Amino acid sequence: MADTTTKREADSVGSDEVSQKAKRAKSDSENGRGEVGKEPENILCGFKTSDVLSDSAREKTIFIRGKLADQEAVVILEKTPIREDTLAELFSGSTLKLEMRNDIYSTYRLQAPPHLNEIKTTVVCPATEKHVKKYQRQESFLVEETEEDYQSITRPYVEKQSFSVKWVHNILEKKAEADRIVYEDPDPKVGFVLLPDFKWDQKQVDDLYLIAIAHLRDIRSLRDLTSEHLPLLQNIFQKGKEAILQRYDLPASKLRVYLHYQPSYYHLHVHFTKLGYEAPGCGVERAHLLADVIQNLQSDPEYYKTRTLYFPLRADDGLLGKFKEAGRL
Ligand code: M7G
């Protein structure tokens, strides 16, 4: 659909102003700039929906593919949690419309003041076909990857096909999100930057989600880790936990600290989420606790180079195709 409608949609969107806005948004995102908090213009007013990639009534999210001026874009909308500290204002400052009353039961539609009724919005523009696939609801398959499979199938694929990590370099070079950094250890070998994951709106600690990004640039994933990296991993673990305790008053016993295998972005980073918050990708088939990773490398320096690792791949993931071609699925 995208291909056939591209021209028509670009034309219908295509006032110079909108196209300028999209281009500005694009160049801001490329440079990692973009003025935080004070975005006077609504770049989404020209967004044309092509299709819904996935949605969830329970999670109150919707992933939409569409066009922003002449560019393919993915927009993610997510209703944010209701915060305890806003309840008084919510009760006193809203209008309440009765829907039904029956005995001791009544239901209403509550219209909250706009600032208590925000929708967290993420825009990926220009979005690649890989982004579209990432956000599309799909069946998954568990893959078994031996050391040889990694060398002959995964590694060559990942070297050619993975998402750009420009956003990661922007963070490390302070070209983007510099004001969001919670903690940094600048050491080139064991240092890292800790900052809120863009999935977290930072309004409540219930769904706390930070990522620690290593300054070292040559570690693609768990597979590249050896005992040589223990000082880096221990540093991220220790100082990450300390920084979170200090900033959010959340002790280590309330944290789930882990790496993804496969990750989406092949530059070493560690996820810090609040225990009890079911963050996407925190299941056993994809998340590896950092504490376990450290122990495994302590008992076998080549643990992750040599072990068979298991992970889920979505139906139309190119890597799954490669495993099938190799007769490994
Ligand atoms: P991952 O394990 O590579 O893949 O994690 P996943 O996205 O499939 O989980 C990368 C993490 O970085 C995810 O938790 C993303 O939400 C987060 N992330 C991705 N981008 C593009 C950004 C970004 O631009 N800024 C921040 N702060 N986080 C991001």
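1. Tyr303 is buried, because its relative accessible area is 17% and the cut-off for buried is under 20%. Tyr304 is buried as well, at 2% relative accessibility. The model is a predicted one, and in it Tyr303 and Tyr304 form an aromatic pair.

2. Trp167 belongs to helix H6 (residues 166-172), while Tyr265 sits in the loop between strand S11 (255-260) and S12. The pair therefore ties together parts that are 98 residues apart in sequence. Are the two residues buried or exposed, or partly exposed? Trp167 is partly exposed, with a relative accessible area of 31%, and Tyr265 is buried, at 15%.

3. Next, the ligand. There are 17 residues around the ligand, and those that come nearest are Lys134, Glu177, Asp197, His260 and Ser264. By class, the shell holds seven nonpolar, four polar and six charged residues. Strand S10 (209-214) and strand S12 (269-274) each contribute at least two residues to this shell.

4. Which distances separate polar side-chain atoms of Lys134 and Ser264 from oxygen atoms of the ligand? For Lys134 the distance is 2.7 Å, and for Ser264 it is 2.6 Å. The side chain of Tyr209 has an N or O atom 3.3 Å from an oxygen atom of the ligand. On its own the ligand has 590 Å² of accessible area, and the protein covers 92% of that.

5. Leu319 is part of helix H10 (residues 318-325). Leu319 counts as buried because its relative accessibility is 2%, and the cut-off is under 20%. Leaving out residues up to four places away in sequence, Leu319 touches Ile153, Thr154, Tyr157, Gln262, Phe311 and Leu313. Along the chain, Leu319 and Arg155 are 164 residues apart, yet their C-alpha atoms are separated by 9.9 Å.

6. His229 lies in the loop between S10 and helix H7 (230-248). With a relative accessible area of 10%, His229 is buried. Apart from neighbours within four places in sequence, His229 is in contact with Ile219 and Asp224.

7. Asp55 lies in strand S1 (residues 48-56) and is partly exposed, at 39% relative accessibility. Setting aside neighbours within four places in sequence, Asp55 is in contact with Thr61, Ile62 and Arg137. Asp55 and Glu78 are 23 residues apart in sequence, and their C-alpha atoms are 9.7 Å apart in space.

8. Some backbone angles deserve a comment. Most residues other than glycine have a negative phi, and most peptide bonds are trans. Which peptide bond ends at Pro126, and what is its omega? The bond joins Cys125 and Pro126 and is cis, with omega about 0 degrees. Pro126 is in the loop between strand S6 (119-124) and helix H4 (129-135). Another cis peptide bond runs from Tyr261 to Gln262, with omega near -10 degrees. Gln262 lies in the loop between S11 and S12, and is one of the residues that Leu319 touches.

9. Lys60 has a positive phi, near 60 degrees, although it is not glycine. Lys60 sits in the loop between S1 and strand S2 (61-68) and is partly exposed, with a relative accessible area of 48%. Gln202 also has a positive phi, near 65 degrees. Gln202 is found in the loop between strand S9 (192-196) and S10, and is partly exposed, at 36% relative accessible area.

10. Finally, the chain as a whole. The secondary structure comes to ten helices and 14 strands. Of the 329 residues in the chain, 42% are buried. The accessible surface of the chain is about 18,300 Å², and 50% of this belongs to carbon and sulfur atoms. Among contacts between residues at least 6 apart in sequence, 65% join residues at least 24 apart.

Conventions
Residues numbered from 1 in each chain as written. Predicted model: local features only at pLDDT ≥ 70, side-chain atom pairs only at ≥ 80, totals over all residues. Heavy atoms only, no water. Near = heavy atom within 4 Å. Polar contact = N/O pair within 3.5 Å; in protein donor to acceptor, adjacent residues only side chain to side chain. Areas by Shrake-Rupley, 256 points an atom, 1.4 Å probe, with all protein chains shown as cover. Helix = DSSP H or I, 4+ residues; strand = E, 2+ residues; numbered from the N terminus. Nonpolar A, V, L, I, M, F, W, Y, C, P; charged D, E, K, R; others polar. Buried < 20%, exposed > 50% of the residue type's maximum accessible area, 1.4 Å probe, protein only. Contact = heavy atoms within 4.5 Å. Phe/Tyr/Trp six-rings, centres within 6.5 Å; stacked < 30°, edge-to-face > 60°.
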